[in-house]
Amino acid sequence: MSVIVKESPISEKDMVAEAERALADISRIRDGVGRVIFGQESVVERTLVALLAGGHALLVGVPGLAKTKLVETLGIVLGLDARRIQFTPDLMPSDILGSEVMEQDETGKRSFRFIRGPIFAQLLMADEINRASPRTQSALLQSMQEYHVTVAGARHDLPSPFHVLATQNPLEQEGTYPLPEAQLDRFLMQVDILYPDIEAERRILLETTGVDEAKALNVVQPERLKEIQTLIRRMPMPESVVEAILALVRSARPGRGHEETDKHVAWGPGPRASQALTLCARARALYDGRLAPSIDDVRALAEPVLQHRMALTFAARAEGMSVRDVVAKLVKGLG
């Protein structure tokens with residue numbers, strides 16, 4: 001007979017103490033990233049929220065906006081074993097996952113040994129992920145959802161924590177393969193990276209073209225990151241925020257009686273979007289120094305969580321509409 005052992009509930013006093021420790025560590029993490037990444041506060045916030053929530057993020061932006069630099073900096077600041085894969089059309093699944101090789105010992109006996117690929121990292125940067133073939137893209141699916149890979153029928157667990165930060169250039173169309181909907185859904189958020197404002201760009205010019213360029217420093221260890229991720233899952237969730245998430249996600253699905261959605265949306269987000277909003281709202285609250293999320297967190301996270309989980313009708317695209325436009329109107333409906 002199996003016995004289920006329930007985790008003892010944490011007291012409010014201990015919860016507050018843990019949260020205060022986490023707030024101090026998150027503040028140090030923010031300062032550590034800010035030493036190297038100038039401006040782009042929203043991008044840094046959303047990417048860190050995705051990691052604190054225990055998920056993966058898709059970074060979308062034109063070349064030269066420090067996407068690679070951001071991932072490298074996060075790996076150093078968080079103390080994660082970070083690796084980078086440059087996706088190309090000729091990349092094979094075995095180049096990511098690893099492969100088995102035959103070895104012969106001194107006695108002449110032959111056996112297979114598994115050589116791990118670069119996916120066995122705590123922070124994996126999948127650079128220009130849409131340049132790889134669908135076969136190679138799908139090699140990431142199992143790892144992003146199940147946190148293990150299967151090679152030659154054998155299961156190989158990935159390190160913990162494990163996060164994928166993928167980058168994508170929205171301008172390149174020729175020679176690229178759009179990510180399938182099933183894989184997009186594995187990303188907790190799509191973070192759009194825009195051009196920096198003039199003050200941030202002035203600072204970039206002055207601080208990155210001299211002799212003494214700022215270097216990222218390690219702030220926390222992976223085990224501490226896992227503790228903060230566990231704390232976020234323990235944070236209380238107000239009923240009003242739960243209802244706002246349900247109302248928003250369900251209003252984004254056609255056939256639910258929402259006039260704007262029925263007119264412009266071909267298919268909408270599934271329950272994984274609600275889960276992502278719940279986790280990210282908690283993480284954003286803690287990132288912002290609060291012990292419980294609010295509806296403002298839902299409003300702020302609606303676009304990055306929903307935009308890659310929806311598709312517009314042909315008529316809506318012909319009118320020049322974007323998913324962001326639809327999401328913005330749905331957010332206004334929250335009141």
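**Exercise 1: helices α1 and α9**

In a left-handed crossing, α1 passes α9; a crossing is left-handed if the near helix is turned anticlockwise from the far one by less than a right angle, and right-handed if clockwise. The model is predicted: local features need pLDDT of at least 70 and side-chain atom pairs count only at pLDDT 80 or more, while totals for chains, interfaces and linings use all residues. Residues are numbered from 1 along each chain as its sequence is written, and side-chain values use heavy atoms, with hydrogens and water left out.

Task: determine at what angle α1 and α9 pack, and which residues meet.

Step 1. Helix α1 covers residues 12-34, and its axis lies 10 Å from that of α9, at an angle of about 130°. Helices (H or I, at least four residues) and strands (E, at least two) are DSSP runs, numbered from the N terminus. Axes are lines fitted to C-alpha atoms, for helices over the stretch in contact, and angles run from 0 to 180 degrees between N-to-C directions.

Step 2. The angle therefore makes α1 oblique to α9. Angles under 35 degrees count as roughly parallel, over 145 as roughly antiparallel, 65 to 115 as roughly perpendicular and the rest as oblique.

Step 3. From α1, M15, E18, A19, R21, A22, D25 and I26 meet R224, E227, I228, L231 and R234 of α9 (contact means heavy atoms within 4.5 Å).

Step 4. These contact residues of α1 and α9 comprise six nonpolar, no polar and six charged. Ala, Val, Leu, Ile, Met, Phe, Trp, Tyr, Cys and Pro count as nonpolar, Asp, Glu, Lys and Arg as charged, and the others, Gly among them, as polar.

**Exercise 2: helices α1 and α3**

Task: describe how α1 crosses α3 and which classes of residue form the contact.

Step 1. The axes of α1 and α3 (residues 67-77) come within 10 Å and cross at roughly 135°, so α1 is oblique to α3.

Step 2. The crossing of α1 past α3 is right-handed.

Step 3. I29, G32 and V33 of α1 make the contact with L70, T73, L74 and V77 of α3. By class, the contact of α1 with α3 has five nonpolar, two polar and no charged residues.

**Exercise 3: helices α13 and α15**

Step 1. Helix α13 (residues 295-306) and helix α15 (residues 323-332) have axes that come within 10 Å and cross at roughly 150°.

Step 2. The crossing of α13 and α15 is right-handed.

Step 3. R299, A302, E303 and L306 of α13 meet R324, V327 and V331 of α15. Four of the contact residues are nonpolar, none polar and three charged.

**Exercise 4: the largest pocket**

Task: state how much space lies in the largest pocket and which residues lie nearest its centre.

Step 1. The largest pocket holds about 890 Å³ of space. On a 1 Å grid over the protein atoms alone, a pocket is an open set of points where a 1.4 Å probe fits, with protein on both sides within 12 Å along at least five of seven lines; lining residues have an atom within 4 Å of a point. A volume is the space filled by probe spheres set on the points, which are joined across faces, edges and corners.

Step 2. Its lining has 32 residues, of which Q168, L184, Q190, Q307 and H308 lie nearest the centre.

Step 3. The lining of the largest pocket divides into 17 nonpolar, ten polar and five charged residues.
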